[in-house]
Amino acid sequence: MNKPLIGINALTKTNPEHFEDSVRTVVDSGYDAMELCLSALPLLAGGEIMEPYVAYVADIFARYPLRYTAHIGVGLDLRNREDSELHNTVLRSSIDLCERLGMDRLTLHFESESPDPERETLFFDAHAHAAEYAAHKGILLLMENIEVEDYRKVIHMVDALDRENFKMTLDTGHLYLSTRYFGGDYETAVRECAPYVGHVHLNDNTGRFEPMRLENFALYKTLPMGMRTALGSGDVHLPPLWGNIPMKRTAEILRDAGFDGVLICEYENDLYRPFLGQIQTAVRDMVGEIFV
């Protein structure tokens, strides 16, 4: 069995002119891969590709020996009936960006299921069309479980679409929070997800769900991360092995399911820059013990 690659989400909370320095830091810290959120830089405007920025990023990517993966930009809403064409255009353009920038996989968000069956049909059909479009470009689409929903809804969607290039991104932090808040056993949930997983976001937390995430998401987003971290409140994106999630057991279950993809250490890395290399080493050592 091949050992999974160890990656990190891009360090993007810096001036865009220092983006190359951020990529170099990822390499120097020992990571194999880097995941870029497509709205972290102005790569799209109104659903259209911003050619100068794509050329700028492509040139930087070409200089460094990393595997590149993508995360969909903030704001995409494929349940949006009123502006459906724009949101679908953004998704297609995001798939095009992946092809142009050599990113072979794109993580999407499930978010909250709508009580409106028509919106759910819209959501499902949009992903079915996107998966077909992405297949022609060699792009793997991945649906990420979110802490505000039952992870089994993602499994059901992957099952229902039944496409080779449509799988699940398992987010450990989201799964830990959702199973503790809504009920269920985390390890059982990982085991149920594992056969569908094509990609992993490794991040940690205390397991303390923040109800405001459901009650008032706009207000939740304004809470300072420092305050939420101090309280251990919600999806605080601690580095893997810094919180309460049983990471080693998670890796063992994924190994037993045959996972050999990319483990993205998706944490608030700009807050933990002094420890980037240490975190990479700790995760790599854990993976090396398990995937033999």
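**View 1. Strands β8 and β9 run parallel and are joined by 4 bridges.** In this predicted model, where local features need pLDDT of at least 70, side-chain atom pairs count only at pLDDT 80 or more, and totals for chains, interfaces and linings use all residues, L170 stands opposite V200 in β9. Residues are numbered from 1 along each chain as its sequence is written, and side-chain values use heavy atoms, with hydrogens and water left out. Strands (E, at least two residues) and helices (H or I, at least four) are DSSP runs numbered from the N terminus, and two strands pair if DSSP finds at least two bridges between them. Of the 6 residues in β8 (residues 166-171), 5 are buried, that is, under 20% relative accessible area with a 1.4 Å probe, protein chains only.

**View 2. Strand β7 (residues 140-144) pairs with β8 in the parallel sense.** The pairing extends over 4 bridges, and E144 has T169 in β8 as its bridge partner.

**View 3. One face of helix α7 is lined by buried residues.** In α7 (residues 186-193), the residues Y186, A189, V190 and C193 are buried. Seen down the helix axis, the buried residues fall within an arc of 100°, so they line one face of α7; the arc is that of the directions from the helix axis to the C-beta atoms. An α-helix has 3.6 residues a turn, so residues three or four places apart point the same way. The buried residues of α7 pack against α5, β8, α6 (172-182), β9 and α11 (247-256), where contact means heavy atoms within 4.5 Å.

Notes:
Buried means under 20% relative accessible area, exposed over 50%, partly exposed in between (1.4 Å probe, protein chains only).
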